[in-house]
Amino acid sequence: MKKTVLVTGGKGFIGHRLTEALLKEGYKVRIVSRRPSKQKPLNPDVSIVQADYQDCASLQKAMEGCSMIYHLAAAIFGFNQEDFAKANTRSTQNMVCAANLTPGLERFVYVSSLAASGYATDPAQPRTEDMAPVPVSDYGITKLAGEKAVKTLKPSVKWTIVRPPIVYGKNDSGVSKIAAWVKRGLMVNTSGQGLFSFVYVDDLVRALTDIPKLPGTEGQIFFICEEQTYPWPVFIEKMAHAMGVQKPFMPNAPVWLLKLAACVYSCTARITGAQPALNYDKVREAIIPGHWICSGKKWQQISGQDFTSLEDGLKKSF
């Protein structure tokens, strides 16, 4: 009999690929949705259940009969700290509340973020799992609070936390927005010469599906990423090459311009209801005097996983 896995954020960029991978592993997948689903999944091993992330009882009902949970649902953009706290902290606290009341649950995998750990001040010393977290944005602060909630799971539910940096791949909305500016031949460099870590989406999904199989992953935090780090202009140059276009002109953006752009995007988003491409929270992360880099050595040592290079990953993406 196939075991059932609950996936929050299963309709998203990472969640969709994770669902496909879990089906190949022989699981049934139950996707949590905030709203009633208008379409029935084509695969009989996939089901969609409506639940309220702000209600423990609703989530417990969704978890009934599940042996494992992948909690991916989160808010990357928000208008204020309360938006992030509701989507990233309280939702995770309620997921933990429900998990602690659900019999038969064995594993809980939480997808956090490098933002929960913070940035590195020294380019030669990427963030590692044993460093004290120093998040600088509301997103990072609320994701870290979610991590703390996960650590309160009952002993019978083994938890693992992963902190990916920038995740990219085919059909990612974030990469698509950047690609649109690359095609135009002009985009503002918001990060100067700061370094960044990346992970190709298929590599992240492989790590997520490997976690339950590997001993020593219980009660652990892992950065999942390619070990090489890159300046933002190099990332854009490699993207342009993968797209078959010229590298765009990239003037550096002063802080005042970033804040002005964040204001414009946020105001537009409030009017249209669309997700803002930039907000003050992202500006806080962009102007830090450091690097958004981490080391995946801890995971590589326990898993032996090889990672796709940024150049190859972008070729696959485009």
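This report describes charged side chains and their salt bridges in a predicted model.

Residues are numbered from 1 along each chain as its sequence is written. Local features need pLDDT of at least 70 and side-chain atom pairs 80 or more, while totals for chains, interfaces and linings use all residues, and side-chain values use heavy atoms, without hydrogens and water.

Side chains of opposite charge can pair when their charged atoms come close. A salt bridge here is a side-chain nitrogen of Lys or Arg within 4 Å of a carboxyl oxygen of Asp or Glu. The structure holds nine salt bridges, including those in the table.

| Salt bridge | N to O distance |
|---|---|
| Lys2 and Asp45 | 2.6 Å |
| Lys3 and Glu106 | 3.6 Å |
| Lys213 and Asp210 | 3.5 Å |

Lys2 and Asp45 link distant parts of the chain, 43 residues apart. Lys2 lies in the segment before β1 (4–8), and Asp45 in the loop between β2 and β3; strands are DSSP runs of E with at least two residues, and helices are runs of H or I with at least four, numbered from the N terminus. Asp45 counts as buried because its relative accessibility is 18%, and Lys2 counts as partly exposed at 41%. Buried means under 20% relative accessible area, exposed over 50%, and partly exposed in between (1.4 Å probe, protein chains only).

Lys3 is partly exposed at 43%, and Glu106 is partly exposed at 37%.

Lys213 and Asp210 belong to a network of salt bridges with Glu25 and Arg206. Asp210 is buried at 13%, whereas Lys213 is partly exposed at 49%.
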